[in-house]
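Here are a few exercises to work through with the model open beside you. Try each task before reading its solution.

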Amino acid sequence: MNNRYLPSITLANDVLQEIITATELEITELKKHLINTIGKVIKKLQKSRRKCYSLQ
């Protein structure tokens, strides 16, 4: 490989690594948000179930 391409390959690799890191961080935040939302939904379902049983 010609050495004159190495700086641009290195730069492209650095850019891709930054994109991958940002994507991984975003996925982590989305997972946290999803887990939090699922937890809230479960609590609401449990509360609704208790109300239904208390009405019987």
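**Exercise 1: one glycine in its setting**

Gly39 lies in helix H1. Before starting, note that this is a predicted model, in which local features need pLDDT of at least 70, side-chain atom pairs count only at pLDDT 80 or more, and totals for chains, interfaces and linings use all residues. Residues are numbered from 1 along each chain as its sequence is written, and side-chain values use heavy atoms, with hydrogens and water left out.

Task: find how exposed Gly39 is, and how its C-alpha atom is placed relative to that of Ser54.

Solution. Step one: take the classes, where buried means under 20% relative accessible area, exposed over 50%, and partly exposed in between (1.4 Å probe, protein chains only). Step two: Gly39 has a relative accessible area of 29%, so it is partly exposed. Step three: Gly39 and Ser54 are 15 residues apart along the chain, and 23 Å separates their C-alpha atoms.

**Exercise 2: the overall form**

Task: work out how many helices and strands the protein has, and whether it is compact or spread out.

Solution. Step one: the protein has one helix and zero strands; helices (H or I, at least four residues) and strands (E, at least two) are DSSP runs, numbered from the N terminus. Step two: the radius of gyration is 24 Å, well over the 10 Å that the globule rule gives for 56 residues, so the protein is more spread out than a compact globule. Here the radius is taken over C-alpha atoms, and the rule is 2.2 Å times the number of residues to the power 0.38. Step three: along the principal axes, the C-alpha atoms fill a box of roughly 80 × 15 × 5 Å. Step four: buried residues make up 0% of the 56 residues.

**Exercise 3: a charged pair**

Task: find which side chains meet in a salt bridge.

Solution. Step one: look for a side-chain nitrogen of Lys or Arg within 4 Å of a carboxyl oxygen of Asp or Glu. Step two: the structure holds one such salt bridge, and the partners are Glu29 and Lys32, at 3.5 Å from N to O. Step three: Glu29 and Lys32 are three residues apart in helix H1, so about one helical turn separates them.
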